[in-house]
Amino acid sequence: MKKVILIVIALSMSLHFLHAQDRQDSKWVVTAGPVVAFPLKFLHMFHSFGLGADFAAIHPISGGFSAGARANYSYFFGKESSNTTGGTISSHYDATHIFNLLGDVNYRLENGLTIGLDLGLGLSLTHVYGDASFARIIYVADEVGKKNPVIFGLYFDETNFQKNIGLRAGFRI
């Protein structure tokens with residue numbers, strides 16, 4: 001049932017998106033910028049924090065809604081851990097690379113805040129293991145500045161095997 005609902009939403013958004021293409025006043029907003037992420041739950045046990053980059057191409061539809069695509073990458077640094085019960089055992093965990101390829105839908109509120117949802121493919125890679133799964137990102141963003149605006153956002157990223165929360169900045173290209 002969930003898949004049917006997602007397909008209906010995707011088709012509806014596609015029709016609105018195609019209708020918006022006919023409008024002369026709508027333009028694509030392309031942004032790129034850095035990401036700082038903090039691992040949660042399972043990812044937190046083996047990693048300290050992550051750095052990366054975020055790219056988005058968003059097109060206004062109508063009534064405050066926008067849709068587009070997003071791609072991001074985060075590099076999570078491995079942790080050192082030691083166990084001192086009955087002797088010292090030290091371990092170093094490998095870094096993890098997380099890639100997301102997502103469709104983006106968002107709504108801009110009257111006060112300027114943007115609330116968005118990204119759905120798509122999430123890839124998690126280490127030197128010995130790789131995983132592809134369904135990725136979901138929920139975010140809140142705000143645009144700061146008039147002449148050269150920067151979009152700052154707080155997001156929650158989740159796949160089947162990893163969760164993280166992060167901050168990102170988007171500079172218009």
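On a 1 Å grid over the protein atoms alone, a cavity is a set of points where a 1.4 Å probe fits but cannot get out, while a pocket is an open set with protein on both sides within 12 Å along at least five of seven lines, and lining residues have an atom within 4 Å of a point. Grid points are joined across faces, edges and corners, and a volume is the space filled by probe spheres set on the points.

The model is predicted, so local features need pLDDT of at least 70 and side-chain atom pairs count only at pLDDT 80 or more, whereas totals for chains, interfaces and linings use all residues. Residues are numbered from 1 along each chain as its sequence is written, and side-chain values use heavy atoms, with hydrogens and water left out.

**Exercise 1. Describe the largest cavity and its lining.**

Step 1. A search of the whole structure finds one cavity of 30 Å³ or more, and the largest cavity has a volume of about 30 Å³.

Step 2. The lining includes Ile98, Phe99, Asn100, Gly122 and Leu123. Strands are DSSP runs (E, at least two residues), numbered from the N terminus, and those giving two or more residues to this lining are E6, E7 (114-125) and E8.

Step 3. Ala, Val, Leu, Ile, Met, Phe, Trp, Tyr, Cys and Pro count as nonpolar, Asp, Glu, Lys and Arg as charged, and the others, Gly among them, as polar. On this basis the cavity lining divides into three nonpolar, six polar and one charged.

**Exercise 2. Describe the largest pocket by volume and by the class of its lining residues.**

Step 1. The volume of the largest pocket is about 460 Å³, and of the 26 residues that line it, the closest to its centre are Val29, Ile58, Asn106, Thr114 and Ile151.

Step 2. By class, ten of the lining residues are nonpolar, nine are polar and seven are charged.

**Exercise 3. Decide whether Arg70, Asp104 and Arg136 are buried or partly exposed.**

Step 1. Buried means under 20% relative accessible area, exposed over 50%, and partly exposed in between (1.4 Å probe, protein chains only).

Step 2. Arg70 has 8% relative accessibility and therefore counts as buried; Asp104, with a relative accessible area of 1%, is buried.

Step 3. Arg136 has 24% relative accessibility, so this residue counts as partly exposed.

**Exercise 4. Find the salt-bridge partner of Arg136 and a polar contact of that partner.**

Step 1. Arg136 forms a salt bridge with Glu158, the closest N and O atoms being 3.6 Å apart.

Step 2. A polar contact is a pair of N or O atoms within 3.5 Å; within protein, one must be able to donate a hydrogen and the other to accept it, and residues adjacent in sequence count only if both atoms are side-chain atoms. The side chain of Glu158 makes such a contact with the side chain of Lys163 (3.4 Å).

Methods: Salt bridge = Lys/Arg side-chain N within 4 Å of Asp/Glu carboxyl O. Helix = DSSP H or I, 4+ residues; strand = E, 2+ residues; numbered from the N terminus.
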